[in-house]
Amino acid sequence: MKPTLSKLLCSLLALQCAAGSALMAMDEFEQTFMEGLEEVSDIATKTRLNIDEMPSFVTILYSETLAEHAVDTVFEALAMVPGIELSMEGTGAYQVVLRGVKEKGKIKLLINGIPMNNAFRGSMYYFLDMPVEIVDRIEVIRGPGSVLYGSNAINGVINIVTKNHNGKEHSQLHLSTATHQPGKGALIYTKSMESLLVSLNAYYQTGDASIATGPDRSGNDVSTHEDFRDFGAGLYIKSENWSFSSGYKDSVKQPPYGMGYFVDTTNPDDGNYYRSFTNELTHIALIGQSELTTKVGFHTFEQGSNSLFAPESALPYAIFTPGNGDVIYQFDYTELSS
């Protein structure tokens, strides 16, 4: 049976519709793909270069991916990045080893593009216990970045972008707790008012556990008190040409294995403390086809340890200050940069 003219026309029309749908799907895929390339290249090079021309390897971890993998903190999320090895010092401080380089101060940490490394050994690890509930994405650049990002970026760059900086109006409240996990609460609230965007985030987490350990360096089998309290808050205000960012963090953490691997049983509430307060005001001026960005701000940082006990056998270790018999270890560090 020969096909009629109407059937031929219907078949051609169906083929045309299918081809059009395929082309639209291809266009959407290509557009998404190109946007991804532009985003990554902008992060890595601060210019709109093709991804193949970037001098470093870039990994971006989005909040959706972190939620799917039940990641709890930024520190845990970094385990998903190729070339990164995670560990913990005896003081309880996190260690991020990138491409085998263990020396501190070789990785630059940014939070919403603001540098967070301090002059005390280039430390930045006290921010890595930030809960992922307030994180929009984590951008990791593996490779030298000091030409673009300045000091501390010899081995790589980590940029944490919080949800209150993604420019989207939303509100979110998160509460959680579990066995052997800290209790945690997080809040994000963003409101648009004509040409003004105001956004706030805050979190609090606490944990308290006793862990059987030993023997320590003095030969004692004891239970270490692994306790920590961590609070953070951030404010972001943006208009057409102006933006203001402010962040605060206050954390106290017990060394899980004792300072210098000597477990302190005399002061269970003492430990390492960290406090940080950051403010930055940014103005963007359009000059012809170019942008002139001006930034001014300041960053205060405090780090120290309360009195930690160690027996007389600790004297050979330089980390402690000799005394009469038992040893007390204590230090305070304060920094202001602008």
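**Contacts, cores and salt bridges in a predicted model**

Reader: Which residues does Ala-77 touch, not counting residues up to four places away in sequence?
Author: The model is a predicted one. Ala-77 is found in helix H3. With neighbours up to four places away in sequence set aside, the residues that Ala-77 touches are Leu-61, Leu-66, Val-71 and Ile-138.

Reader: Is Ala-77 buried or exposed, and what is its relative accessible area?
Author: Residues count as buried under 20% relative accessible area. Ala-77 falls in that class and is buried, its relative accessible area being 0%.

Reader: How far apart in space are Ala-77 and Tyr-62, C-alpha to C-alpha?
Author: In sequence, Ala-77 and Tyr-62 are 15 residues apart. In space, the C-alpha to C-alpha distance between Ala-77 and Tyr-62 is 10.0 Å.

Reader: Which residues touch the most other members of the largest nonpolar core?
Author: In soluble globular proteins, nonpolar side chains tend to be buried together. Here the largest nonpolar core has 36 residues. The members of this core that touch the most others are Leu-78, Ile-138 and Ile-158.

Reader: Which residues are in contact with Leu-78, leaving aside its neighbours within four places in sequence?
Author: Leu-78 is among the residues that touch the most other members of the largest core. Apart from neighbours within four places in sequence, its contacts are Ile-84, Leu-86, Val-96, Leu-128, Ile-138, Val-140 and Ile-158.

Reader: Which residue of E3 is the bridge partner of Leu-86?
Author: Strand E2 (residues 84-88) and E3 run antiparallel and are joined by 5 bridges. Strand E3 (residues 94-98) is mostly covered, 4 of its 5 residues being buried. The bridge partner of Leu-86 in E3 is Val-96.

Reader: Which strands stand at the edges of the open sheet of 5 strands?
Author: The strands of this sheet follow the order E1-E6-E7-E4-E5, with mixed pairing. Two of them have a single partner strand each, so one side of each is left without a neighbour in the sheet. These edge strands are E1 (57-62) and E5 (114-115).

Reader: Which residue of E7 is the bridge partner of Ile-107?
Author: E4 and E7 pair over 5 bridges in the parallel sense. Within E7, the bridge partner of Ile-107 is Gly-156.

Reader: How many residues apart in sequence are the parts that the pair Asp-72 and Lys-184 ties together?
Author: The salt bridge between Asp-72 and Lys-184 has its closest N and O atoms 2.5 Å apart, and both residues are buried. Asp-72 lies in the loop between helix H2 (63-68) and H3, whereas Lys-184 lies in strand E9, so the separation in sequence of the parts tied together is 112 residues.

Reader: Which residues are linked with Asp-129 in a network of salt bridges?
Author: The side chains of Lys-253 and Asp-129 meet in a salt bridge (3.9 Å, N to O). Lys-253 lies in strand E12 (residues 242-253) and Asp-129 in the loop between E5 and E6, so the pair ties together parts 124 residues apart in sequence. Lys-253 counts as buried at 13% relative accessibility, and Asp-129 is buried at 5%. The residues linked with Asp-129 in the network are Asp-230, Lys-249 and Lys-253.

Reader: What is the relative accessible area of Glu-302?
Author: Glu-302 meets Arg-275 in a salt bridge (3.5 Å, N to O). Arg-275 lies in strand E13 and Glu-302 in strand E14 (residues 290-310), so the pair ties together parts 27 residues apart in sequence. Arg-275 counts as partly exposed at 30% relative accessibility. Glu-302 is also partly exposed, and its relative accessible area is 32%.

Reader: What accessible area do the residues of the nonpolar patch on the surface have together?
Author: Phe-277 is found in strand E13 (residues 272-287) and counts as partly exposed at 31% relative accessibility. Together with Tyr-204, Phe-231, Tyr-248, Phe-298 and Leu-336, Phe-277 forms a nonpolar patch on the surface, whose accessible area is about 550 Å².

Note on methods
Residues are numbered from 1 along each chain as its sequence is written. This is a predicted model: local features need pLDDT of at least 70, side-chain atom pairs count only at pLDDT 80 or more; totals for chains, interfaces and linings use all residues. Side-chain values use heavy atoms; hydrogens and water are left out. Patches are made of residues with over 30% relative accessible area and no salt bridge: like charges are joined within 9 Å, nonpolar side chains (Val, Leu, Ile, Met, Phe, Trp, Tyr) within 5 Å. Accessible areas come from the Shrake-Rupley method with a 1.4 Å probe; for residues, only the protein chains shown count as cover. A salt bridge is a side-chain nitrogen of Lys or Arg within 4 Å of a carboxyl oxygen of Asp or Glu. Helices (H or I, at least four residues) and strands (E, at least two) are DSSP runs, numbered from the N terminus. Buried means under 20% relative accessible area, exposed over 50%, partly exposed in between (1.4 Å probe, protein chains only). Two strands pair if DSSP finds at least two bridges between them. A nonpolar core is a set of buried Ala, Val, Leu, Ile, Met, Phe, Trp, Tyr and Cys residues joined through side-chain atoms within 4.5 Å. Contact means heavy atoms within 4.5 Å.
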